[in-house]
Amino acid sequence: MNSTHAVLGQLALGYAPLVSKSLDIEATRVTAFALRPETSPDAGELLAAIAEAFPAKAVILNVAHEGLLKGLLAATLPGNVKIEVPAFLLSDAEVAAQAQTRGALIKGRTDAAGFKQLVLDLQELGAGPLPAGKSVLVAGARNADEFKQSFDAGAAGVLGWTVHGEFEPPAAPAARNDAQADLQVIVELMSRVDQGEDVERLEQTLKRDPSLAFKLLRYMNSAAFGLSVEVSSFRHAIMLLGYARLRRWLALLLATASKDHAMRPVMFGALRRGLIMEELSKSMDDSEVRDEMFICGLFSLLDHMLKQPFEKLLQSIPVPERVRQALVDKTGPYKGYLDLVQAIENESVFDVRASLDSLMLGADEVNHAVLRALHKAAQLE
């Protein structure tokens, strides 16, 4: 995704996954707020930006600007894009007809015929039984308990995150399981790379889990990685990349290699956090900072994934000092970027604005970075 779209300078974007009952990721919800309500963002430009970022993956557009929303409803939508329409706008006959034609998702409780999917906020769940004959998605969940509440109430899916808020370790240490044992292979490999051990020792460590070796090579040969030749072996990868770049891709493998199905929403978030922070750092003339910001975002959900607090976790996983500061001490040069990414995930225009001001970043720069990162993440999955 290389194009620039002027409309992105007028908006604040947020995003969240659509998670099914089986914890599969079925779509990405992209929320767009107008930074200045009096502006008239161009619907065609926004659709072009979304189509470039999501050429195939399913997208749900949630637009908090009536003029932009009506422009989208009047436009020709790509087949993979659906739009949320507030129920109160159905009183406009033209909007209702367009929404029905385009298979829109209706936000709010309604018994209106012709609409199969509703989007309800979490607080709307307590307003009585869910409307009969409708597939209901719940928006705004921020932790695992709220996901459970939504599914127990009969939701077909949840638009939100299982991981916001501080991680609370279990009262008793979690039993070691096969999934954690697999991840330990990567931790050991990262440590050996950090110590500069020879290729033979590294290969022997990786061979303990051939599926991890396969996934690492698949990442390296993906379009998002951008190599001009195919990587055929771990030894070949080291020759092409060197230890510094290999460390970054082992970090990616650690954050996305869990075989626990319940971790899918966590891995979805971790990969995108890393890629967004990397994209935000691209204006900096320092490849070390770019790699560190990538790892910082990527590792920011490891506490949820490995069920340990960062203070303990990072004693065994080698990370740069500035990454440790952000994750353990909540300080340092990367903390503000991590706050921005979390504001984007929370779809909070107020927090996004505050972060933009604090980091002295423009909305267009950040929104382009977000869409490029979402596009790359889809290529890697």
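In which sense do S1 and strand S2 pair, and over how many bridges? The legends below take this up, starting with the pair itself.

**View 1. Strands S1 and S2 pair in the antiparallel sense.** S1 and S2 (residues 25-34) are joined antiparallel over nine bridges; strands are DSSP runs of E with at least two residues, helices are runs of H or I with at least four, and both are numbered from the N terminus. Two strands count as paired if DSSP finds at least two bridges between them. Look for Pro 17, which stands opposite Thr 28 in S2. Four residues lie between the strands of this hairpin, and Leu 23 takes a positive phi near 65° there. Please keep in mind that this is a predicted model, in which local features need pLDDT of at least 70 and side-chain atom pairs count only at pLDDT 80 or more, while totals for chains, interfaces and linings use all residues. Residues are numbered from 1 along each chain as its sequence is written, and side-chain values use heavy atoms, with hydrogens and water left out.

**View 2. S1 also pairs with strand S8.** Here S1 runs antiparallel to S8 (residues 157-160), with three bridges joining them. Leu 18 has Leu 159 of S8 as its bridge partner. Ten of the ten residues of S1 (residues 11-20) are buried, so this strand is largely enclosed by the rest of the structure. Buried means under 20% relative accessible area, exposed means over 50%, and partly exposed lies in between (1.4 Å probe, protein chains only).

**View 3. Asn 367 in helix H16.** This view turns to Asn 367, which lies in H16 (residues 363-380). Asn 367 is buried, with a relative accessible area of 3%. Although Asn 367 and Leu 8 are 359 residues apart along the chain, their C-alpha atoms are separated by 6.0 Å. Leaving aside residues up to four places away in sequence, Asn 367 touches Leu 8, Leu 11, Ala 12 and Leu 13, where a contact means heavy atoms within 4.5 Å.

**View 4. The whole chain, for context.** Stepping back, the chain holds 16 helices and eight strands. Its C-alpha atoms fill a box of roughly 70 × 45 × 40 Å along the principal axes. Of the 381 residues, 54% are buried. Among contacts with a separation of 6 or more, 58% come from residues 24 or more positions apart.
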